[in-house]
Amino acid sequence: MFQESKAFSGFSVDDIGKAEEFYGGTLGVRVSEENGMLVLHLGGGGTVLVYPKDDHRPAEFTVLNFPVDDVEETVDALTALGVTFERYPGFDSDDKGIVRGQGEGMPTIAWFKDPAGNVLSVLGE
C-alpha cells in the first residue's frame, strides 16, 4: 500500500527561528520554511518536518540520527561549535560523550540535543 509513498517524519520545537539557526547553521543541514514550519532536506533525498508547538515537550528518545564516517571527528567539530554531548546511564561514554560500540550490534554513537531539547545522534556508518 505505501511502497511508493514519499513518507517523512516530523517532530516539534518551541522556537522555529532557533531550530532553523541550529539545523541550518550549526549542523549545516539544508532547510526551507513552509507555512511557518521547517523542512530539513537530508542526504539521500529524505525530509523531516519540524513544526512549532506552544506546549512542546522534548522527545525523550532519539528523533534523528546522522550517520557519519568519523564519529570522533564530528563530535570534535560540533563541540567546537558549542554543542554539548549527553551521557546516559547504562552507556559507558568517554570524556567526549562517545559510546564506542558496546555489545553486539551497538554502533559507535554520541547523543546531543537541539535547542528545543530533542535528542539527536551522530553514529558510525
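Q: What makes D76 and K96 a salt bridge in this predicted model?
A: Their closest N and O atoms are 2.9 Å apart. The cut-off is a Lys or Arg side-chain nitrogen within 4 Å of an Asp or Glu carboxyl oxygen. So the pair counts as a salt bridge.

Q: Why does the D76 and K96 pair tie together separate parts of the chain?
A: D76 lies in helix α2, while K96 lies in the loop between α2 and β6, so the pair ties together parts 20 residues apart in sequence.

Q: Why is D76 called partly exposed?
A: D76 has a relative accessible area of 35%. Buried means under 20% and exposed means over 50%. The value for D76 falls in between, so D76 is partly exposed.

Q: How do you know that E72 and K96 form a salt bridge?
A: The N to O distance is 2.7 Å. The limit is within 4 Å, so the pair qualifies. E72 is in helix α2 and K96 is in the loop between α2 and β6, 24 residues apart.

Q: What makes E73 exposed rather than buried?
A: E73 has a relative accessible area of 56%. Exposed means over 50%, so E73 is exposed. E73 lies in helix α2. On the surface, E73 gathers with D69, D70 and E125 in a patch of negative charge.

Q: Why is K113 called partly exposed?
A: K113 has a relative accessible area of 36%.

Definitions and conventions: Residues are numbered from 1 along each chain as its sequence is written. This is a predicted model: local features need pLDDT of at least 70, side-chain atom pairs count only at pLDDT 80 or more; totals for chains, interfaces and linings use all residues. Side-chain values use heavy atoms; hydrogens and water are left out. Patches are made of residues with over 30% relative accessible area and no salt bridge: like charges are joined within 9 Å, nonpolar side chains (Val, Leu, Ile, Met, Phe, Trp, Tyr) within 5 Å. Accessible areas come from the Shrake-Rupley method with a 1.4 Å probe; for residues, only the protein chains shown count as cover. Lys and Arg count as positive and Asp and Glu as negative; His and the chain ends are not counted. The place of a charge is taken as NZ of Lys, CZ of Arg, CG of Asp or CD of Glu. Helices (H or I, at least four residues) and strands (E, at least two) are DSSP runs, numbered from the N terminus. Buried means under 20% relative accessible area, exposed over 50%, partly exposed in between (1.4 Å probe, protein chains only).
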